[in-house]
Amino acid sequence: MRISFRNKLLLLIGGLLAVTLASSLLAVMRASNTAVESIVRDELEVVERVFRSLLEVDREQLRGRAQVLAADFAFKRAIATGEQATMLSVLANHGERIAADFVVMLSREGDILLSTHEVKRLPESVAAVLREKATGGTAILALFNGEPFQLVLVPVFAPDLMGWVGLGTAVDESMLEALRTLTNAEITLLAQSGGEPARVLHSTLPEGLSAELQALAQPEPAATSAMTRWVTRDVPLLNEGGARLTALLSQSLEQALQNYAPLRQQMIIIGCVALLLAFLTALLIARGVTQPIYALVRAARRIADGNYTHRIELRSGAEFGMLADTLNLMQDTVSEREARIRYQAQHDMLTRLPNRSYIAGAFNSRLAEPNAESHYAMALLELGNLRELTDLYGNDFSDSVLQAVAERVSNSLRRGDMAARIADSQILLFFDALTHAGVDVVLDKLRGDFASPLSIEGIPVRVEPLLGFVFAPQHGQGFEELLRRAQIALGNARNVKHGYSFYEIGQDENHLRQITLAHRLQAAVDAENFRMVYQPKYDMADHRVLEVEALMRWNDPELGEVYPDEFIPVAEQTGIITDISMIVLRLVLRQIQDWERAGLELTVCINLSGADILQLDFVRHAIKQLASSGLDSSAVVFEITETMMMSDMDLALANIREFEQVGIRLAIDDFGTGFSSLAQLKTLPVQELKIDKSLVLQLDQDADDQQIVRSTIEMAHYLGLKVVAEGVENIASLRLLQAMGCDAVQGYYIARPMSAADLETWLGDLPVPVLAIRGEPA
């Protein structure tokens with residue numbers, strides 16, 4: 001359960017005050033207890049002095065009385081005559097008169113002559129005094145038969161020392177009670193003989209407490225006791241011959257603290273009142289703090305819900321007012337930012353046209369209207385020469401071109417039409433209530449808009465718009481379906497001269513096959529699911545096969561047999577052509593090794609893609625693969641197409657020189673189909689030229705082809721190049737090429753591509769020379 005801020009504040013203030021008050025009360029009570037205990041101990045110290053003084057006074061009184069007795073003439077005469085009856089009578093009368101509890105008569109040597117108590121011998125301290133012949137006598141505290149007495153001994157002279165007379169009073173409960181009445185302290189006499197436990201002789205304490213005191217005096221007293229609430233003070237009285245006598249002075253601590261009880265009650269009442277006032281104050285403070293906080297929380301929730309219309313007004317202090325102003329500023333900022341984000345989310349920031357997300361929503365909303373037109377058209381507009389403009393003038397310039405094009409397109413739209421930028425160089429146009437029959441009007445208007453050049457940074461720019469049209473409902477109903485088919489139509493428009501194309505039913509099947517082909521091709525590359533076939537090249541001078549061309553074949557479980565002219569362009573578009581070239585290189589090198597072990601020497605020609613030639617990593621990898629195979633560099637010939645090098649001729653030239661440095665031969669493939677000339681061959685480190693089959697297939701029937709091929713062979717020989725003609729399919733073309741001096745031929749008339757095993761069999765059955773025995777193909 002979550003506790004509110006107000007309750008937390010109440011608990012905090014009240015708790016702090018409660019802890020403070022409790023600590024103060026505890027401190028005061030502890031200090032008072034300590035002070036009272038200290039006072040009681042000081043009082044007990046005074047009681048001890050009083051107690052000792054009283055004992056001393058009592059002894060001095062006894063001393064005076066004893067001296068009176070010792071000076072009595074009758075008593076002296078009785079001692080001198082040895083009349084024991086007279087001495088006893090005098091002692092008894094005198095002791096009774098002075099209230100003495102103990103009377104004794106000693107001889108001159110200290111032997112007991114007469115005694116009111118049965119005493120065998122005097123304490124050692126008394127005997128020591130007598131031995132010293134003290135004329136003033138002595139006063140001591142002694143134990144007789146386990147009872148404490150105040151004893152005074154004085155000498156009797158007549159005139160010489162005749163003996164000693166002693167008077168004593170018992171230190172009993174009556175004396176202790178008198179002392180307690182005087183000092184208000186409890187007194188307990190404890191006696192201990194030898195190793196015996198201490199015992200209570202007399203005590204002014206109640207009977208239960210005195211018994212407990214005796215238990216506490218044991219070697220292992222109980223851990224808790226009522227006596228722990230008393231303050232005590234030990235007063236040693238006697239310690240002689242293993243006998244100890246101690247007076248224990250004690251006062252009740254609780255009784256002493258009773259005097260402070262009213263003060264404690266007052267402090268507790270004051271603390272409770274202060275705590276109550278503190279809680280009331282905390283409640284007012286918490287209310288004053290939490291009310292503006294709750295108002296700010298409600299405002300923050302409104303802002304979180306997207307409601308930015310209410311202003312926050314507070315009248316509860318500068319700090320909360322500042323926070324309210326900050327929240328107002330925040331909601332204004334958030335409102336502006338959300339508007340900007342919504343605009344940015346729905347528009348292209350470069351052209352200020354709606355983006356794909358916006359036009360898709362607008363398209364669907366338009367179709368959902370009850371009176372919406374059932375016929376409409378969509379067109380994808382692309383600038384065919386935008387890339388060339390970017391390469392020539394830079395990205396900023398091409399961005400300006402796109403902005404100008406977007407402005408022209410927006411101005412040329414009819415009422416109800418829409419335009420949106422959906423890709424870097426593509427603008428989607430939506431034409432409401434437009435059919436195929438009325439599209440010519442739209443085309444003419446767009447052509448007119450782009451007929452005049454754009455002026456970008458003072459440079460006249462003529463753009464080449466390409467348009468791909470789709471029409472609803474015949475080409476689809478949904479936005480994504482129409483857009484996909486418009487992309488197909490735009491792709492077709494790139495390949496036609498007039499720059500526009502209409503989607504036709506069935507075209508997306510080819511498009512879907514391309515997508516499926518790209519997906520399956522990646523899986524085939526990962527699994528290396530390819531096989532190699534080899535087509536022989538017949539050497540016209542040696543009348544035998546010295547080289548073969550390696551061709552890849554792919555048989556997919558879903559698509560069936562897929563030929564290179566279909567999947568190689570897809571591989572180049574998806575960027576995995578180099579992976580395929582590496583697979584081909586590994587398979588071919590492995591096959592050459594197998595042929596060498598079988599005693600068959602053949603050079604294999606391998607076709608490389610333009611992407612391969614432009615990658616230095618691939619070039620060096622191919623060189624490394626050939627070196628690690630242990631084969632001679634003459635074992636392979638790399639065939640490259642002349643058009644492959646046109647995008648970056650300098651980079652291509654630098655990379656193919658890497659092949660030249662290690663002795664790998666290079667051949668120009670499909671010569672005669674590109675834009676280069678024989679003059680360019682002077683700068684290329686190639687050793688072989690392959691005439692494209694388009695110039696050879698009808699060589700025996702087309703005089704122009706014969707002239708081109710003858711000139712090509714002569715010029716190639718002049719440059720020191722070997723010439724190979726591919727596409728030879730009849731004896732007439734073969735003989736013409738032989739007459740023209742062609743070095744080698746390749747085609748179905750010689751042999752079709754075949755597996756390595758079939759090639760080995762075919763080479764074993766090959767007649768020499770081929771020209772002598774081959775007839776016209778059936």
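Predicted model: local features only at pLDDT ≥ 70, side-chain atom pairs only at ≥ 80, totals over all residues.
Reader: What makes strand S18 largely enclosed by the rest of the structure?

Author: Strand S18 covers residues 544-556, and ten of its 13 residues are buried, so the strand is largely enclosed by the rest of the structure. Buried here means under 20% relative accessible area.

Reader: How do you know that S17 and S18 pair?

Author: Pairing needs at least two bridges found by DSSP. Nine bridges join S17, residues 531-539, to S18, so the pair meets the definition. The two strands run antiparallel, and within this pairing Tyr538 stands opposite Val545 of S18.

Reader: What lies between S17 and S18 in their hairpin?

Author: Four residues separate the two strands of the hairpin. His543 is in the turn and has a positive phi of about 55°.

Reader: Why is S20 called a partner of S18, and in which sense do they run?

Author: Four bridges join S18 to S20, residues 603-607. The requirement is at least two, so S20 counts as a partner. This pair runs parallel, with Val548 opposite Val604 in S20.

Reader: What makes S19 a partner of S18?

Author: S19, residues 560-562, is joined to S18 over three bridges in the antiparallel sense. Asn555 faces Glu561 of S19 across the pairing, and a hairpin of three residues links S18 to S19.

Reader: Why is a set of residues called a nonpolar core, and which members touch the most others in the largest one?

Author: The name applies because the members are buried residues of listed types, such as Val, Leu, Phe and Tyr, joined through side-chain atoms within 4.5 Å. The largest core has 81 residues, and Tyr534, Phe638 and Phe659 touch the most other members. Helix H17, residues 577-597, gives the most to this core, with nine residues. A second, separate core holds 33 residues, including Leu353, Leu434, Leu454 and Val461. In soluble globular proteins, nonpolar side chains tend to be buried together.

Reader: What is the confidence of the protein chain, and where is it lowest and highest?

Author: The average pLDDT is 80, and 85% of the residues score at least 70. Helix H24, residues 770-773, is lowest with a mean of 48, while strand S25, residues 744-746, is highest at 95.

Reader: Where does pLDDT stay under 50, and how many contacts beyond four places in sequence does the model have there?

Author: Residues 219-225 stay under 50, with five such contacts. Residues 772-778 also stay under 50, with twelve such contacts.

Methods
Residues numbered from 1 in each chain as written. Heavy atoms only, no water. Buried < 20%, exposed > 50% of the residue type's maximum accessible area, 1.4 Å probe, protein only. pLDDT = per-residue confidence, 0-100. Contact = heavy atoms within 4.5 Å.
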